[in-house]
Amino acid sequence: MKRFMLLTLLLTVSSAVRADLTEVRSGTAGSHDTVEEFLVEGEQPGPRLWKVSRDNHSLWILGVLSPLPKQMQWRSHQVEETLKQSQEFITPPYTALKMSFLNQLLLIPSLLTLENNSDGKLVDVVPPELYARWSVLKENYIGRDKGVEKKRPFFAAHALYEKAIDKSGLTSDGAMVWSVVEGIVKKNKIKKTSPGINSQIKQPRKAFGEFKQASIADLECFAKTLERLESDLDAMRARSRAWALGDIEALRRLPYPDHDKICSDTILNLSLFKEQGLGDVRAREKQLWLEAAESAIANNQSSFAILDMAELLKPDGYLAALQEKGYSLEAP
């Protein structure tokens with residue numbers, strides 16, 4: 001089962017960000033102890049909704065973040081009432097790389113070796129300066145686990161990131177928000193639209209072989225993950241608190257680094273995927289989402305969508321594109 005989870009990690013590159021919320025206050029990033037947590041008590045509403053409209057037809061948008069704190073009761077009455085009255089729900093855009101079940105079975109021997117380095121341990125494949133930084137972070141957040149030292153940089157970075165945010169009181173599991181939204185959609189039989197790219201890998205053996213050789217891109221992901229953990233954990237906690245309290249001004253002031261882009265590009269920049277027309281997936285995702293949004297506004301009195309908060313706040317993001325097309329925008 002673990003290997004198929006790794007297969008999902010490798011083959012699914014998603015822009016969908018699903019959030020789970022609590023307020024956290026911690027000590028220094030270098031502490032060896034689990035950070036002290038202060039939960040937001042009672043129900044917290046999160047941010048208010050953005051509204052895009054034309055001719056009395058509206059699209060309401062909830063902005064979400066990841067990672068976010070682990071333990072908070074999130075309930076937004078505005079989200080519940082608006083979603084119940086909507087005729088369509090638009091998910092965040094995504095890109096999914098798939099292969100047939102038969103090819104998955106044939107590639108099991110390759111999958112069993114994909115996670116670990118073929119050229120030794122991390123210390124043998126990572127530059128000394130990077131390895132020294134890794135060692136400090138590993139000691140703080142993972143401890144003496146020697147198994148992670150056998151992983152190739154791409155997977156070691158992912159393991160470190162998950163351990164670090166967990167020890168900081170955060171999570172990348174967005175079930176608290178997503179399950180509420182999905183529950184309302186299902187209960188009220190609201191039309192669900194998922195704009196995205198589904199690409200079948202035609203030569204999976206070649207794809208895995210090329211990924212195993214992508215050491216330079218691997219190191220870029222590894223280095224960017226270390227950089228984010230060294231510099232952004234306090235900002236992560238600040239963003240999560242601002243989200244929980246619905247403090248949009250604080251969310252606007254905070255930075256939004258994107259190490260995930262570099263790590264996902266490790267896969268999407270493989271020549272094989274470019275040959276399949278997956279060169280600029282983010283532009284295509286944006287176009288597909290905008291088409292879905294315009295269709296929903298045209299055909300429904302009220303529609304509802306979820307997007308990454310960073311996209312809502314970008315001066316050249318999804319909302320700016322709709323404004324350029326003449327849609328009215330009301331920000332919270």
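Helices here are DSSP runs of H or I with at least four residues, strands are runs of E with at least two, and both are numbered from the N terminus. We're working on a predicted model, where local features need pLDDT of at least 70, side-chain atom pairs count only at pLDDT 80 or more, and totals for chains, interfaces and linings use all residues. Residues are numbered from 1 along each chain as its sequence is written, and side-chain values use heavy atoms, with hydrogens and water left out.

**Exercise 1.** Work out where Ala292 lies and what Ala292 touches.

Solution.
- Start with the helix: Ala292 is part of α15 (residues 281–299).
- Next, contacts (heavy atoms within 4.5 Å): leaving aside residues up to four places away in sequence, Ala292 touches Ile90, Thr193 and Pro195.
- Then check Pro195: its C-alpha is 6.7 Å from that of Ala292, though the two are 97 residues apart in sequence.

**Exercise 2.** Describe how Phe89 pairs with Trp178 and with Phe304.

Solution.
- Rings of Phe, Tyr and Trp (its six-membered ring) pair if their centres lie within 6.5 Å; planes under 30 degrees apart are stacked, over 60 edge-to-face, and the rest tilted.
- A search of the whole structure turns up 6 aromatic pairs. One of them, Phe89 with Trp178, is tilted, at 6.1 Å centre to centre and 55 degrees between planes.
- That pair joins strand β7 (residues 88–90) to helix α8 (residues 175–187), 89 residues apart.
- With Phe304, the centres are 6.3 Å apart and the planes at 40 degrees, so this pair is tilted.
- Phe304 sits in strand β12 (residues 302–308) and Phe89 in β7, so the pair ties together parts 215 residues apart in sequence.
- Put together, ring pairs link Phe89, Trp178 and Phe304 into a cluster.
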